[in-house]
Amino acid sequence: MAKMKQTTVYFCQECGHESGKWLGQCPACKSWNTFVEETVKVQGNSGKISSSLTDRQVAKPAKLSDISTEQEERIGTHMEELDRVLGGGIVKGSLILVGGDPGIGKSTLLLQVCKALSDDARAVLYVSGEESLKQIKLRAERIGTFTDELSLYCETNLDNIETAIQKEKPEVVIIDSIQTMYSEQVGAAPGSVSQVRETTARLLQLSKGLNITIFIVGHVTKEGTVAGPRVLEHMVDTVLYFEGDRYASYRVLRGVKNRFGSTNEIGVFEMCQDGLKEVKNPSEFMLSGRPEDASGSVVVCSTQGTRPILLEIQALVSHTNFGYPKRQATGTDFNRVNLLMAVLEKRLGMQLGDCDAYVNLAGGMKVQEPAIDLGIVMAIASSFKNRSIAKEMTVFGEVGLSGEVRAVGQAEQRVQEAVKLGFKTVVLPQSNLEALKDSKIAETVKLIGVSSVRDAIDLI
Ligand code: TYD
Ligand code: MG
C-alpha cells in the first residue's frame, strides 16, 4: 500500500493557480482574495500517472508524412444546432465541457443528447451526482420515451464510475456535474480546485484510452465558491457555454474552444414544456414583436461564427434630469457604446453630453462584434432626432474613431440573410459594396454603400 502524504496547498478559485502559501492577489490572473486552503493527500508513487491505460498508449515521435489525416469519426446527434457548434457532430474519444449557470438547462440538453444517441442504438451512460434516479426519470418523461441503450448511474465516487465505464464500455458518457465528483486519492472536498482537476485528468485518460466521448457538466457561479470550470478549459478538447436569460425562453449554446472545429459558432434553443427545442431560424425569432415606425430601432446583420443573425438594436436618448447623464448598454459592450457616442458628438456635433442613453439588443442576445457599430450609431441618432428608420432597412459596418465606416467580413452572407427575411434595403460599408456590386445578390436587394457615419445618418 502506497504511503499517503498530506500537504496543504493554496489554490486560486478563479484560475486554479497553485501556491505554497496564502496570497492576497493571484500572480497568474491578478484577481484578489481568491486563494483557498486545501489539504491534498498525495499517494507515494503519484509522480508517475497511475492508470494502466496510459501505459498501453506510449507514443513514439513520428514523421508528419507518417500521420494519417483521416477524418476523425463523428457521431451525429440529430440536433443540428448542437452538431454545428461541435463542428459537425460529436468526435469519438473527445472530452467536452458544457458550462453554464445553474438552472440554465445543461442537464436537459445532455439528456436529450442521450435520447438521440440511444435511439440510434448507441450505448450511453449518464452519471449524475446531483439528482436521484427518480428525478432523472421525471425529467426524461418530459422529454420523451427512451430505449434501453441508456444506463443511468447515481454516483460521485470516481473509482466506481471508472469501474462502471470500463465494464459497460459505452460510446458516450455524461458526467453531471464535475463539481460533485471526487477521487479518494485527493483529500479535498468535491468541487475544490484540486478535486476538479484530478477528476478531470482521470476522465481525460479514460476518454483517450478507451476512445469514449465524455461530456462534463460544470457550473459557473459568480461568487466563485465552487471551482469554476475555467480551471478545466485547457484540459478538455471542447468547451461549450450554455447561456441565456433564465427568465427568457431561448438559450444560446456557444463554442468557446474547439480542437475539432471552429469556435464562435452558436446554437439557439428554446426551453419548452417538453425539453429544449431547436430554433432553426434565430433571426425570425429575434425580430418577432418589433415595433412599427418607432424611433431608435434598427435591424443589424450580425454574424455568429459562420451564421448570420439579424438583430434589433434599440436606443433611447432622452434629456437628463440630473447633472450626470446616465448611460446603459444591455447585450453589447458598454465602453463601445460610450466610444460611439463620443464619435457622434465630435464628428457630427450631436449634443449628447446632457442626454441619458440606453442601448439594448432586443431579445436578450449578447453580441460584441464590431459589425453592429453602425447599427448602434444609427439607433442612437434616430432616437436623438426622434425620426424612425425605414422598417425594411437593415445595416452593418464597423465605425472607426474618425467617423469612417469600415468593411467587415462575411458581407455576402449578411446580405443574403437580410434578403431571406424580406428586407428591401441594406446599408453597408462602401468597400464591401464595391466587392458585392457585380454579384447576383445585388440584383435582389437595394444596396446603399456608406463611407462615413454622416452618410449613414443622412438616411434616417
Ligand atoms: P436543468 O437542465 O436542470 O438545468 P441545469 O442542469 O443547467 O442546472 O434545467 C432546469 C430548468 O429547465 C428548470 O427550471 C425547469 C426547466 N425545464 C423546462 O422548462 N422544460 C423541460 O422540459 C425541462 C426538462 C426543464
Ligand atoms: Mg443539472
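Predicted model: local features only at pLDDT ≥ 70, side-chain atom pairs only at ≥ 80, totals over all residues.

Reader: Which polar side-chain atoms lie by an oxygen or nitrogen of ligand 1?
Author: Take the arginines. Arg-139 has a polar side-chain atom 3.0 Å from an oxygen atom of ligand 1. Arg-142 has a polar side-chain atom 3.0 Å from a nitrogen atom of the ligand.

Reader: What about the backbone of Cys-272?
Author: One of its backbone N or O atoms lies 2.7 Å from a nitrogen atom of ligand 1.

Reader: How much of the ligand does the protein cover?
Author: The protein covers 76% of its accessible area. On its own, ligand 1 has 560 Å² of that area.

Reader: Back to α3. How many residues does it have, and what does it span?
Author: Helix α3 runs over residues 106–119, so to speak, and has 14 residues. From first C-alpha to last it reaches 20 Å, close to the 20 Å expected at 1.5 Å a residue.

Reader: How many of those residues are buried?
Author: 13 of the 14, so α3 is largely enclosed by the rest of the structure.

Reader: What follows the helix?
Author: Ala-121 follows α3, and its phi is positive, near 65 degrees.

Reader: Which other residues have a positive phi?
Author: Lys-169 is one of them, with phi near 45 degrees. Gln-410 is another, at about 55 degrees, although it is not a glycine.

Reader: Why point that out?
Author: Because most residues other than glycine have a negative phi.

Reader: Where do Lys-169 and Gln-410 lie?
Author: In loops. Lys-169 is in the loop between α5 and β9. Gln-410 is in the loop between β21 (405–406) and α10.

Reader: Is Lys-169 buried or exposed?
Author: Lys-169 is exposed, with a relative accessible area of 52%. Gln-410 is partly exposed, at 30% relative accessibility.

Reader: Which peptide bond is cis?
Author: The bond from Asp-176 to Ser-177 is cis, with omega near -5 degrees. Ser-177 lies in the loop between β9 and α6.

Reader: New topic. How many salt bridges are there?
Author: The count comes to 19 salt bridges.

Reader: What pairs with Arg-122?
Author: Glu-171. Their side chains meet in a salt bridge at 2.9 Å, N to O. Glu-171 lies in the loop between α5 (158–168) and β9 (172–176), and Arg-122 in the loop between α3 and β7 (124–128), so the pair ties together parts that are 49 residues apart in sequence.

Reader: How accessible is Arg-122?
Author: Arg-122 is partly exposed, with a relative accessible area of 24%.

Reader: What does Arg-202 pair with?
Author: With Glu-162, in a salt bridge of 2.7 Å, N to O. This pair also links distant parts of the chain: Arg-202 is in helix α6 (residues 193–210) and Glu-162 in helix α5, 40 residues apart.

Reader: Are Arg-202 and Glu-162 buried or exposed?
Author: Arg-202 is buried, at 12% relative accessible area. Glu-162 is buried too, at 15%.

Reader: Which residue forms a salt bridge with Lys-420?
Author: Glu-417 does, with the closest N and O atoms 3.4 Å apart.

Reader: Is Lys-420 buried or exposed?
Author: Lys-420 counts as exposed, at 61% relative accessibility. Glu-417 counts as buried, at 7%.

Technical notes. Residues numbered from 1 in each chain as written. Chains lettered and ligands numbered in written order. Heavy atoms only, no water. Helix = DSSP H or I, 4+ residues; strand = E, 2+ residues; numbered from the N terminus. Expected span 1.5 Å × (residues − 1). Buried < 20%, exposed > 50% of the residue type's maximum accessible area, 1.4 Å probe, protein only. Salt bridge = Lys/Arg side-chain N within 4 Å of Asp/Glu carboxyl O. Polar contact = N/O pair within 3.5 Å; in protein donor to acceptor, adjacent residues only side chain to side chain. Areas by Shrake-Rupley, 256 points an atom, 1.4 Å probe, with all protein chains shown as cover.
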